[in-house]
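Please read the points below alongside the sequence and the model.

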Amino acid sequence: MPDSPHAHADRAPDPDPAVDEHRLEQLISRAQTALPVELPALADRCASALGLGSALIYLADLQQWQLIPLDESMEPLSVDHSSAGWAYRTVAPRVVDADDGLIVWMPLVDGAERLGVLGVRTASLDGPLMRRSRMLAHLFAMLITSKRAYSDWLAARTRTAPMRLPTEMLRAFLPPRTIGSSRCVSTAALEPAYDIAGDAFDHSVVKHVLHTMILDGMGHDLTAGLTTSVAMAAARNTRRGGGDLTDVVGAVDQALAEWLPDHFCTGVLCRLDTETGVLRWINCGHPAPLLIRDERVLAGALDSHPQPPIGLAGPLLPAARQVNETKLEPGDCVLLYTDGVVEARDENGAEFGLDRFTDFIIRSNAAGQRPAEVLRLLIHAVLDYQRNQLRDDTTILLFEWRPQHP
């Protein structure tokens with residue numbers, strides 16, 4: 001794949017230190033009603049108003065292998081093998097030489113979530129132009145985030161394969177891949193991206209509390225997706241009403257027993273107080289979460305007494321769910337996963353395994369990778385191990401407590 005984009009402007013103009021504030025105000029106002037398909041041309045006009053050259057918008061595809069241009073006449077760029085991809089992976093600007101000047105690759109980030117990159121062409125670069133490039137990236141990250149909620153075109157641009165109906169339904173319920181605050185970050189990955197059915201994740205920050213959840217529904221069909229979708233809806237409804245962990249699990253138990261009485265799911269629900277580091281969790285028939293501290297897994301740290309899956313009715317339904325509690329240390333990472341991760345097998349039948357799984361995360365963290373990049377690399381490693389033929393849904397959620405951050 002080409003490292004540099006097709007130039008859709010003949011020549012980048014010399015930078016003008018003056019900003020046409022009136023024109024820029026008009027363009028920002030226009031952006032509120034612009035169609036997503038109009039964003040590439042709008043980015044060009046905003047760049048010009050800031051004394052820059054042209055601008056190029058790329059969004060990461062669903063599996064984060066490629067950066068897909070919003071300009072449909074251009075070719076994708078590789079996330080792993082391009083300067084634009086370097087900016088995306090590291091969430092840092094990258095400046096490269098172009099035919100008639102420079103290209104500044106700026107990461108497009110909404111809060112903690114990586115969306116893609118913005119490429120800004122300019123004849124030269126100084127401090128003010130760098131700040132304007134960053135400001136342009138912030139503006140278009142917000143625009144893309146606001147418009148993708150209702151734009152089928154933006155969703156279609158980031159897909160590289162047809163999506164099955166159960167997956168389409170389930171993905172409508174999923175939150176952004178990565179969320180965070182100044183004290184925590186939570187990020188998730190889910191495969192097979194176009195054929196998922198029973199797995200799901202959820203995370204949300206409410207004031208100083210991070211809520212996370214991972215679910216594994218029974219089966220691999222539309223009903224499995226419906227089961228986890230109902231479970232997520234019931235959990236959110238109770239959480240938003242102020243319910244605690246036991247209330248949330250109880251609401252999911254009740255909803256599944258009422259609407260899908262023959263279906264259940266396993267899952268782990270967590271609540272992290274980001275001011276104190278107190279972690280509370282309920283494990284409903286799921287693999288135990290893992291605690292990573294100082295580049296090692298603390299074996300058994302988050303194990304708990306076995307409890308039945310969510311959604312069991314009648315005598316199998318427990319009278320009360322057991323809430324577990326521990327206190328994290330700054331920098332601790334907690335890992336939630338479905339069994340499809342460790343049970344992925346190579347062509348000889350050997351499992352990917354828990355040791356390989358945790359070792360990959362520890363080594364990536366030690367190398368300074370951000371949590372979202374750690375999971376991107378890990379999920380790709382699992383896919384490579386099984387030659388892109390996953391036999392089961394695979395979902396990973398990683399959250400980190402970092403109160404030392406300002």
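1. Pro192 is found in the loop between β8 (184–191) and β9 (199–206), where helices (H or I, at least four residues) and strands (E, at least two) are DSSP runs numbered from the N terminus. A cis peptide bond, with omega of about -5°, joins Glu191 and Pro192. As background, most residues other than glycine have a negative phi, and most peptide bonds are trans.

2. This is a predicted model, in which local features need pLDDT of at least 70 and side-chain atom pairs count only at pLDDT 80 or more, while totals for chains, interfaces and linings use all residues. Residues are numbered from 1 along each chain as its sequence is written, and side-chain values use heavy atoms, with hydrogens and water left out.

3. The chain averages a pLDDT of 89, and 92% of the residues score at least 70; pLDDT is the predictor's confidence in each residue, from 0 to 100. Over residues 4–16 the pLDDT is below 50, although this stretch has 34 contacts in the model beyond near neighbours in sequence, a contact meaning heavy atoms within 4.5 Å. Where pLDDT is low, the predicted coordinates should not be read in detail.

4. Helix α2 has as its buried residues Leu39, Pro40, Leu42, Ala43, Cys46, Ala47 and Ala49, with buried meaning under 20% relative accessible area, exposed over 50%, and partly exposed in between (1.4 Å probe, protein chains only). These buried residues of α2 pack against α1, β1 (55–60) and α4. Just after α2, Gly51 takes a positive phi of about 80°.

5. What is the angle at which α1 and α2 pack? The angle is about 160°, with the axes 9 Å apart; axes are lines fitted to C-alpha atoms, for helices over the stretch in contact, and angles run from 0 to 180 degrees between N-to-C directions. That makes α1 roughly antiparallel to α2, on a scale where angles under 35 degrees count as roughly parallel, over 145 as roughly antiparallel, 65 to 115 as roughly perpendicular and the rest as oblique. The contact is made by Arg23, Leu24, Leu27, Arg30 and Ala31 of α1 and by Leu42, Arg45, Cys46, Ser48 and Ala49 of α2.

6. The axes of helix α2 (residues 39–49) and helix α4 (residues 127–148) come within 11 Å and cross at roughly 155°, and α2 and α4 are therefore roughly antiparallel to each other. On the α2 side the contact is made by Leu39, Leu42, Ala43, Cys46 and Ala47, and on the α4 side by Leu136, Leu139, Phe140, Leu143, Ile144 and Lys147.

7. Helix α8 (residues 245–259) has 15 residues and reaches 21 Å from its first C-alpha to its last, close to the 21 Å expected at 1.5 Å a residue, the expected span being 1.5 Å times one less than the number of residues. Among the buried residues of α8 are Leu245, Val248, Val249 and Val252, and the buried residues of this helix pack against α7 (222–240), β11 (265–273) and β12 (278–284).

8. Helix α9 (residues 354–366) and helix α10 (residues 371–385) pack at an angle of about 145°, with their axes 10 Å apart. Residues making this contact include Phe357, Phe360 and Ile361 of α9 and Val374, Leu377 and Leu378 of α10. Thr358, which also lies in α9, counts as buried at 8% relative accessibility and touches Leu290 and Val297, not counting residues up to four places away in sequence.

9. Met169 lies in helix α6 (residues 165–171) and is partly exposed, with a relative accessible area of 23%. Leaving aside neighbours within four places in sequence, Met169 is in contact with Leu222, Gly225, Leu226 and Ser229.

10. Glu295, found in the loop between β13 (290–293) and β14 (296–297), has a positive phi of about 65° although it is not a glycine, and at 54% relative accessibility Glu295 counts as exposed.
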